[in-house]
Structures are given as structure tokens and as C-alpha cells.
2 protein chains.
Amino acid sequence: MTGNSLDRHVPLYAQRTAGMRASAVRSLFAVANRPEVVSLAGGMPYLKSLPLEAVAAEAAALVSQDGLVALQYGSGQGIAELREQICQVMSLEGIVAHPDDVVVTVGSQMALDLTTRIFCDPGDVILAEAPSYVGALSTFTAYQATVVHVAMDDDGLVPEALEAAIDSVRRSGRRAKFLYTIPNFHNPAGVTLSAERRVRIAQLCREAGIPVLEDNPYGLLGFDDTVHRAIRADDADNVIYLGSFSKTFAPGLRVGWVLAPHAVREKLVLANESATLNPPVFNQMLISRYLAGFDWQGQIKAYRQTYAERRDAMIGALTAHMPAGTTWTHPEGGFYVWVTLPEGFDTAAMLPRAVTARVAYVPGTAFYHDGLGARQMRLSFCYPTPERIVEGVRRLAGVLESELDVMRTFGTGGAGGTVAPRQVRGPASPSPDTA
Amino acid sequence: MTGNSLDRHVPLYAQRTAGMRASAVRSLFAVANRPEVVSLAGGMPYLKSLPLEAVAAEAAALVSQDGLVALQYGSGQGIAELREQICQVMSLEGIVAHPDDVVVTVGSQMALDLTTRIFCDPGDVILAEAPSYVGALSTFTAYQATVVHVAMDDDGLVPEALEAAIDSVRRSGRRAKFLYTIPNFHNPAGVTLSAERRVRIAQLCREAGIPVLEDNPYGLLGFDDTVHRAIRADDADNVIYLGSFSKTFAPGLRVGWVLAPHAVREKLVLANESATLNPPVFNQMLISRYLAGFDWQGQIKAYRQTYAERRDAMIGALTAHMPAGTTWTHPEGGFYVWVTLPEGFDTAAMLPRAVTARVAYVPGTAFYHDGLGARQMRLSFCYPTPERIVEGVRRLAGVLESELDVMRTFGTGGAGGTVAPRQVRGPASPSPDTA
């Protein structure tokens, strides 16, 4: 039995499952994970610079010294010591907060889920940047919320567009429950919200009675060591802040957090308990020991340097190889470059041909609720080495050239299956690539 | 700012938050966790028999040998090796399953959450034993489902009562989305579903088109080493099975799983990704190493022996000290005894007086959706030593005697605050108790 054709449970599923769909590119990414493919698709941090031996010793000490606590059930809000340390981490961004208002979650994805859970009934509106984080869009859809995208430019979310969106939603009789925004080194757009706009956007949302959900996984990964002031730093009452150790330490422990106004925090704790009883105690205590015993800010500096080199490699390769009319953002931190191809390209239709040419990316449509983004793509520079990044961009350029050839011949883009993968010509001399 | 009186977000919350309420006894349990109180309330496993030094070494080896995988993002379904081992664990209960149909979750609480998420729209009915697991009831309520309780007796869920409940729900025009059942060493009731009834209940549900959600955290903790055959073992198409390492290894890692028919499993993976991206890879790999490298079945035998001694201590103390007219179940495994007091008692109203007398339990009403259970309570024998259990039951008996005195004098129970905590007489000679 495969698929749903024989699924006797179909009459029993909740309505929300209609919005839960496997990504159309999921099967492709299984191929994209093969070592011969340069994946510019994933957002996996590059962990090789972690002090693994020291973390190993710390994990052992945790079990042997505090195992009866670390391996036991714990608090639905998270352990107190880690919540205090989280407040110290957030203070780097200008945030003054009390550990009582922090809730530890299974990655900040769970914080996204719980926040949506407590705010959104089916049909409610969530305002979000255009484009926006694919994992957030999928959570919002799972709660049957409607995403209304708000335009960005090189300085991030555009306040005038936000104002217009708030008005438009209000006029349509719907409710905007929050604004979801990634102010720093945006995923996927790679841009950063300017300081002036932060003030203006916080003000607009406060006046409209719409909380800001500030998602900040990359905030400490600014390549010139700049740490931008959080929106939350200047508005404790109307901003719900999401943080994560996935990019500054390691994602495999799944430890994130949410900082929320007191009454919201109370509801988030209840929702957290209902979802998981409590986040894993072991993971929280290991991160707490890491923060207490290691130069974690030094580690973040090492990450910044690694990613800055890779960003430079990617921007250099794009400049050298992309066809005329292609544009891209210039991230000052984080993991991603957002590329816009000339008219006629369809990055989703092109992806199988790119994977055949041994390079992968995420098509732009994944980052929109409404089908936009057809000639855009997200390129990640976090995981491959600079040499692999350059090779990947070169392969991608070869795929684009082939597409352009087809367009010149047939006067159409690759969409609609007019170009089958086997017709694709790869780069001139594809070399075996298993690094 | 405390509480919701000044909460500016009130107009923004989702309707489901109306069903998310802090337990009325939460603040009491903060007191109950003081060392001088014998807590017969919690369901914490007794971890002292774990091979902590060996687990510590395994955790260190995992980070230093496989840290780049263990600390990285992973699959939303869980790692393949652990899913294979989970199938081996389930084979002890007669289950034949493929690892493809297993989804690893953040404890089986998350599996409960995801299963409810994919099946239940607001107003849908979930059938559940009376009484039922408090954490499941809170999840069902968070999804705005309606719980319809089905009677149990000493042999577990009563098939005739199930049949009547199915009919009644159908006649009322509502939809029962699944039957939630804990067949082995029930939480809180302590009883086990007979083999004959398993067959009958599976048949009834199959005929009615209602899946069975079989929750089995305690199944391997039978005190006479009996492992009951799972309902899932004889019905792969209509049973969704939940398992957990929290009681057979350690809850602080939060690793549970769900085994589901293929099409349901596909939806659960999507929901898991939406909720957490993936369960923590480190935790899965550590448990996988534990299962591969240790005599985990020997560890389960050690747990069984510990809990059997404590069950005996509790049953002996109840027999020796409980007032006439009190009854209790006789668990053959698991963590819990379910106690029914004579007419007139109100265990929720009595709890503050019990905590004052330095003993804690969970009032019966917590385990019902509908306010029943007023003269019942759940006593846990998993965590305190046998000596502490005996002392706890003795203290509880003292509280019950005091209540009886009041009832004899005023002709009423302790409900409604007629007996203030300071009026409680504790056991004759309460000794300092900080063990």
C-alpha cells in the first residue's frame, strides 16, 4: 500500500492536514545529499570547528555527576540556570529580560509552533516578509492560518508596505494575529532590517495591537562582529522573541527558546507541557555547562570567520559566473544569498536539471505562501567549503546557460517540463567530486 | 503585572487557549516536592539503578566519534538505526513492524500531540478510559476535542461499555476519531486489559472504523516478567501504537515513538517536521548506542524488581492502614495504584491537608474530563523507597482519620473548605523526614 489511494483513514483526518503537504522537492533532496552533488540547499551549520573533545568530556561529566537530574523529567518551562544564561546571551542584543519570562523549547521551531498554537484560529492572518522562512510558513499553514506577505528591500521589511498590509487586512474584516519577522541576515533573503525601520515597525505594530514575533537565530553571526539591537530591546510588551542555539552551538540538541510578555509566557508553558511535558533536561544541562565552561563567544567568532569566507566565495563566484540580468543580495551575516534570475527562468522546474548537473538549491517558491518566487532561489553558503561553493556556483551557471540556450531556441523557459533532465548539458568538464 | 487582568493580548488568543489551564494543584505540588513530603504523586522513574558511568562513557564516545552527525540536524522521522531497534523492542510484545512505519518523537507525549493534530478538528470525539492519563486529556483538550469516557473494571476497558459509547456518539451525530487506551498497568488505574478483551475491542473498533491509539509506556514493566501481547500485534491496519524509552531507560532524553499504518505515518512525519524539524539526533543516537551496547533487558528486569518491591510495600501499607470501605487496585506492573475512598471524601479538597501532613497524591478528578473521580486518588509507588511509601501511606491514613472525625461531627466531607489546613491533625508522632 503506497500513498493515500488505499488509506482507510482518509475520512478521519483533521481539516488541518489538507495544509500539510510533503515538499515537492523532498525526493530531489535525497539525491542532492549524495556527496557528488554540491548542495547549496541546506541550512546546516558547519560543525567542524566545535571543540568536540571538550564537549564529549562535558557530556560524560554531566551524566556521571548529575545523571539523576539530567536523565529525569523536568520543568515544562526549562531549567532555571539555562534560562538565566539565555538572558545573558540576549543581553548582547540589548535585551533586558527576566528568566521567568523565558520558555525553553525543542528548537525554536517548537517555539514557532507553540506561539502559533496560542494565537491562531483557522483563517486568522499572519503577516510575514516576502519571502519568509519555509519552516515558519509550514507551521502557520498547519494551524490553518493565512499568511499575508509584506514586501522587503535591501534594508529589510518595508514599513510602508507593512502599514498598507495592516490596513488591507483590517478592511477585509480579518484579524492579523502577529507580524513574523527575521530582522537579521534574513532566511532566505539575506538582508538585515535597518535600525530606523526597527523603531518604525515596532511602533506600527504596537499602534495596531499586533504583536511582533521576532525570530533571531542568526543575530550573533554578523561578519563584521556587529550585533544589531533586537526589536525586543525597545519593546518588552509587544514583542515575542525567538532564539536558538542551533546556529551558535549545535542544532542536534534541539534547544531554542521564546521570550514573551508574562501572560503570554504562562500560556506558552502550558502549551509546551501539553506538547512534550518538558524539553529534554539532558540537552538543556549540556548547553548550560557549555555556556558556563567554554569561550562560547570565541566559538561564535570562529563561526563568523568561517561563514564570512564562504559568503565571500559565493559572492565572488556569482559575480564571475552568473549570466547578465541576474541579481543577488549581499548578506552581512547568516547563511544565505537570495538570487533573482532574469525573466523566463523557473527555478522549481529547473531543479531536476541542476541536481543532474550535481548542484542543488532551494527554489524561491518554497518561501512564499502564494506561489511567487518562480525565478528566485536560495543559495546557502554555510556548509560547503569555499572551493565547493565556487564549483557549485560554476555548475549552476552551466545549468543556467543551458536553460538560456533552450529559451533562445524555443522562446520559453524550462517550466512545464519542456526540457527533460536528460537533455541538460552540464558544465564543460564535470570532474568527479566527492569531497 | 501578574495574571491575565492586564494582559493586552487577551483579544488575540486562539479559541483553543480556553482549554489550556494550569492545574489547580500545581502550586501545591511545588510544596509537595519538598524533601520532608512523601510524594506519592509523581510518575518519575527511579533512575538510581541505571549504569550511569557506562552511559557517561557512551555519551562521550558519541560526541567524540560521531559528534558531527549527533550534533547536526537530522531526519524528521528519526534516525534509521534507532527505528530498527525500536522494532526489535516492540517484537517482545508480538509486534511485527517495518522501521519505515516508525516515527521518533520528543517523548510519546509529542506522539500524542501529533496524532491528535492529524485526526481531530474542534468538537471531534475521542473515546478514552475512565479514568485516563492526565497528559493525554490535556492534549486532547488543547485540540478542542471532546473526551467521552468509557468504563473500566479490574480487567481494563469494558467492551460492552465501549460498544455503547460508540453507538451513543454515532447517534448524537458526532464523530469518534479514535479510542485512546493504555492496556498495560494503566495510568492511573493500575489495571491491565485481558487478552480476550483485546481481541474484542480491536474488532469493535475495526468494525466501527475507529482507530485504536494504543499507549504502552509500561508494557515491559510487568512484575512477573509477563509481557502482554500488544493490540497492534493482531491489527496492523487499525492500531496506532505509542512507545517510550522514558520508563524503560530514562525520561530526560525525551525519546518516544509512534508506529502507524503507512499513510498515517506519512502525515505524522510532516507534522513532526512542522513541530520540531526533527527530534534531537544526539538523544536518538545515545539511546541507539545504549540498546546496542548494554543489557537493556537486564536493566528492565532490575526496574521490575525495584517497582515490584515498592508495589508490595504500598499494597501492604494500604491493607494495614486504610479505613474501612476504602478499595484499591492491585497492579501487576507499572507505577500506580488507584484508590477509592468511602462516600463523603473529596480528594481534591483534602489535598492541602494531606500536604500539610507531609504526604502528596494526585486527586482523581485530574484523570477525568468530566469532573468525576472526587473520592479517588492516584498513588505512585515508582519513586520513593519502600520505607518512605509505608510512611507516606501511614500519614495519608492519619489525614483520612481526621476527615472522618470531621464528617462524623458535621455530617459532611471536607469539601467546600469546611476544614482549614491548620485544623488537620497529622500522624501521632510526625518525625522529621528528609530522606
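This is a predicted model: local features need pLDDT of at least 70, side-chain atom pairs count only at pLDDT 80 or more; totals for chains, interfaces and linings use all residues.
Visitor: Why do the side chains of a strand point in two directions?

Guide: In a regular strand, side chains alternate between the two faces of the sheet.

Visitor: How many of the residues of E14 in chain A are buried?

Guide: Five of the five, residues 376-380, are buried, so the strand is largely enclosed by the rest of the structure.

Visitor: Which strand pairs with E14(A) over five bridges?

Guide: That is strand E11 of chain A, residues 336-340, and the pairing is antiparallel. Within it, A:Val337 has A:Leu379 of E14(A) as its bridge partner.

Visitor: And which strand is joined to E14(A) by two bridges?

Guide: Strand E13 of chain A, residues 362-363, is joined to E14(A) in this way, and the two run antiparallel. Here A:Pro363 stands opposite A:Met377.

Visitor: Turning to chain B, in what order do the strands of the open sheet lie?

Guide: The four strands follow the order E10-E11-E14-E13 in chain B, with antiparallel pairing. The edge strands are E10 (327-328) and E13 (362-363), each of which pairs on one side only.

Visitor: A change of topic: how many residues does each chain bring to the contact?

Guide: Chain B contributes 89 residues and chain A contributes 88 residues. About 7,400 Å² is buried between the two chains, and carbon and sulfur atoms give 60% of that area. B:Leu12, B:Leu71 and B:Tyr73 supply 10% of the area that chain B buries against chain A, more than any other three residues.

Visitor: How many salt bridges are there between the chains?

Guide: The count is two salt bridges. In one such pair, the side chains of B:Arg117 and A:Asp113 meet at 2.8 Å, N to O.

Visitor: Which element of chain B gives the most to the side that touches chain A?

Guide: Helix H8 of chain B does, with twelve residues. On that side of chain B, the residues divide into 47 nonpolar, 23 polar and 19 charged.

Definitions and conventions
Residues are numbered from 1 along each chain as its sequence is written. Chains are lettered from A and ligands numbered from 1 in the order in which they are written. Side-chain values use heavy atoms; hydrogens and water are left out. Buried means under 20% relative accessible area, exposed over 50%, partly exposed in between (1.4 Å probe, protein chains only). Two strands pair if DSSP finds at least two bridges between them. Contact means heavy atoms within 4.5 Å. Buried area is the accessible area (1.4 Å probe) that two parts lose on being put together, summed over both. A salt bridge is a side-chain nitrogen of Lys or Arg within 4 Å of a carboxyl oxygen of Asp or Glu. Ala, Val, Leu, Ile, Met, Phe, Trp, Tyr, Cys and Pro count as nonpolar, Asp, Glu, Lys and Arg as charged, and the others, Gly among them, as polar.
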